[in-house]
Amino acid sequence: MNDTSNNKKQYFNDSSDIDFSEVIKIIYASKFFILIFSTIVTLLFGFISISIPDKYTSSVLLKVNSDTEEKQNITGLGALSGIAGINDTGNIKANVFIETVKSKIIIREILNENKDFKQKIIAAKRYDYEADKILYKRNIFNNDKKTWVRNPPKGRIAEPSYIEIHEFLSSEIIVDQNSETGFILVSYSHISPKFSHLFLDTLINTVNQITKRNDLMDSNKALDYLYERQKNVTQSDIRSSINNLIIEQLKINMLANINQFYLVTPVDPAVVPELKSSPNRILIVTFGFIFGLFLSISVCLIRDLYKKS
């Protein structure tokens, strides 16, 4: 017991100070082991970084359309929010947009219109720059036969459903709103720079189209009802109120039909990225070297301590 206590004191001058001279002696004596061990760990991290495919991030900066905010006031959303003590109708629509982007229904709509998106999202292995095409994981998707060959998880089939695609995309699609400007930044990362841009454009266009379609349907139903009621009303004041409501609904129709970007408009449109966004291989290798150095020195100190004990 006393020998062990004396050996430990070689590393400490007292209860709080480390004997750095003794530590440096041990490190110097084990310099070749530390060098070889750190090199091996660094090379291992280097191989890991090389095995990770490059990813490209496409981003778009958006603003909520002021015409849409005006339409909200027409339909009564602005009035209702005012009663509830909420005056920022633009922020309400921004939140609606963000949640729509994150929703399952938007992914289902995209996949229904773009049948080849499934394999590009979930089965992509790497991007062939010379051939300008995506290469797929053979154990998941057979590109020659255009069939799914994976062994699916329990409860799922070989071809992924839109629900599974949505779960996969939840970590790939990033949505962030600037609290000061209200602008919304949407980003998507993929191994193909062209597909990252294509998917992001499709996503924004689909959200705009779905919102436009739903508002047009509601407006047309309202117009049908108002026209029918107008036929049976004789009082001039009620007919005047109905006419005003009809005009408001016609405004909604006009805004929906003339706006290409109905809900949100790109301030800084998405482009095909030229440079990869990840992985940062220099950072990975540097971390590997530091980790290997720390681990090898720790092993030397612990080994020396046990030898002397």
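**Exercise 1.** Determine the handedness and geometry of the crossing of helix 7 with helix 9.

*Solution.* The model is a predicted one, with pLDDT of at least 70 needed for local features and 80 or more for side-chain atom pairs, while totals for chains, interfaces and linings use all residues. Residues are numbered from 1 along each chain as its sequence is written, and side-chain values use heavy atoms, without hydrogens and water.

Step 1: the axes of helix 7 (residues 104-113) and helix 9 (residues 162-169) come within 9 Å and cross at roughly 115°. Axes are lines fitted to C-alpha atoms, for helices over the stretch in contact, with angles from 0 to 180 degrees between N-to-C directions; helices are DSSP runs of H or I with at least four residues, strands runs of E with at least two, numbered from the N terminus.

**Exercise 2.** List the residues through which helix 7 and helix 9 meet.

*Solution.* From helix 7, K104, I107, R108 and L111 meet Y162, I163, I165, H166 and L169 of helix 9 (contact: heavy atoms within 4.5 Å).

**Exercise 3.** Work out the strand order of the open sheet and its edges.

*Solution.* Step 1: four strands, in the order 6-7-1-8, pair antiparallel (pairing needs at least two DSSP bridges).

Step 1: strand 6 (173-177) and strand 8 (264-268) each have a single partner strand, so they stand at the edges.

Step 2: strand 1 (residues 56-64) pairs with strand 8 over four bridges, and L61 stands opposite D268 in strand 8.

Terms used
Left-handed = near helix turned anticlockwise from the far one by under 90°.
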